[in-house]
Amino acid sequence: MKKTVLTLLTALSLSSAASFAAYPDKDIQGIIQWGAGGSTDTVMRSITPHVEKFLGTDIILTNKTGGVGAIATKYVYAKRADGYTLLMGAENPQMYKVLGLGNIDYSDMIPIDILARGTPIIVANNNAPYNNMEEFLDYLHNHPDQVKIGSTGKGGMTSLVLAMLKSQTKMSYISIPYNGDGPALTAIQSGAIDVMPAVLGAAIEQVKAGRMKVIGLIDNEPNKLLPNIKPVTDTLPGMKKYLPWGPFFGVFVKKGTPKVAVEKLQNAFHKAALNPDFVKLMDKRGYSILNISGQKARTFLDSYRSTSSWLAYDGGVAKISPAKFDIPKP
């Protein structure tokens with residue numbers, strides 16, 4: 001009897017190994033945390049066609065918004081760990097625990113590839129009566145609770161940029177929430193909101209087309225794509241302790257995904273991120289390519305979680321101390 005059971009288990013193991021040796025043998029689902037037209041969506045839709053060529057199958061992309069990306073994250077985590085459901089996300093899950101949005105973060109996932117990171121900027125409606133950070137902050141001080149600032153929710157990139165600014169100066173404004181920076185950038189152009197912290201890569205084309213203006217660069221040095229915009233540290237020197245900082249974009253699968261599938265995905269995304277067309281687009285949009293996986297990716301993720309979780313907590317965005325989850329201070 002024992003021999004029969006052992007034989008059956010061995011056969012099932014060999015069958016499973018053979019099955020994943022043929023991976024992928026069907027379409028893969030790519031679940032994007034944020035809405036169409038935003039920075040995460042742009043990066044994922046740009047690289048996917050190149051990945052498909054290496055995998056020999058289609059990746060069906062779906063935008064699943066809500067909960068600062070938590071809905072998409074929980075959706076992927078609830079699926080089988082078989083490599084056929086990818087989480088295509090940004091930095092937000094690294095702060096879910098301190099924000100009380102869930103008990104899952106990227107430590108519960110396998111990083112396939114941390115593709116790129118972006119530079120935060122602040123954009124404004126063309127008719128706004130300020131053209132740089134100094135004028136903007138002066139206007140806020142003289143017109144409390146009048147400026148409408150777009151937000152992607154607590155823990156989103158916008159909330160952390162605003163937390164940095166509020167750590168240096170008093171700010172009083174009206175916060176307007178959106179499901180992603182794509183819809184918020186559209187709202188800027190229509191005048192529904194006045195200002196929006198955004199990722200350079202998501203807003204640069206609208207800026208070039210003259211549909212909105214950049215009033216701030218959240219960095220400690222100039223950017224070649226914005227030669228006339230001074231770094232925010234010129235106006236608020238205290239911001240130096242947070243910078244450089246910016247959102248990142250990566251692809252993940254659930255822990256437990258077979259090694260064969262993980263390695264094939266990592267290989268495909270790594271090669272795709274070297275594609276000249278992808279590299280050119282990322283450079284044009286102001287993204288910095290990282291293209292890391294394995295231990296390098298985990299080290300990067302741990303460092304980001306530490307810095308951003310404590311920033312969110314110290315800035316009043318998060319109510320739960322990172323210390324509760326053994327997240328060390330940076």
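Biologist: How many salt bridges does the count come to?

Modeller: This is a predicted model, in which local features need pLDDT of at least 70 and side-chain atom pairs count only at pLDDT 80 or more, while totals for chains, interfaces and linings use all residues. Residues are numbered from 1 along each chain as its sequence is written, and side-chain values use heavy atoms, with hydrogens and water left out. A salt bridge is a side-chain nitrogen of Lys or Arg within 4 Å of a carboxyl oxygen of Asp or Glu. By this rule the count is 7 salt bridges.

Biologist: Are Asp-105 and Lys-97 buried or exposed?

Modeller: Their side chains meet in a salt bridge, with N to O at 3.6 Å. Buried means under 20% relative accessible area, exposed over 50% and partly exposed in between (1.4 Å probe, protein chains only). On that scale Asp-105 and Lys-97 are both buried.

Biologist: Which parts of the chain does the pair of Asp-283 and Lys-224 link?

Modeller: Asp-283 forms a salt bridge with Lys-224, and their closest N and O atoms are 3.1 Å apart. The two residues are 59 apart and link distant parts of the chain: Asp-283 is in helix 10 (residues 276–285), and Lys-224 is in the loop between strand 9 (213–217) and strand 10 (248–254). Helices (H or I, at least four residues) and strands (E, at least two) are DSSP runs, numbered from the N terminus. The parts linked are therefore helix 10 and the loop between strand 9 and strand 10.
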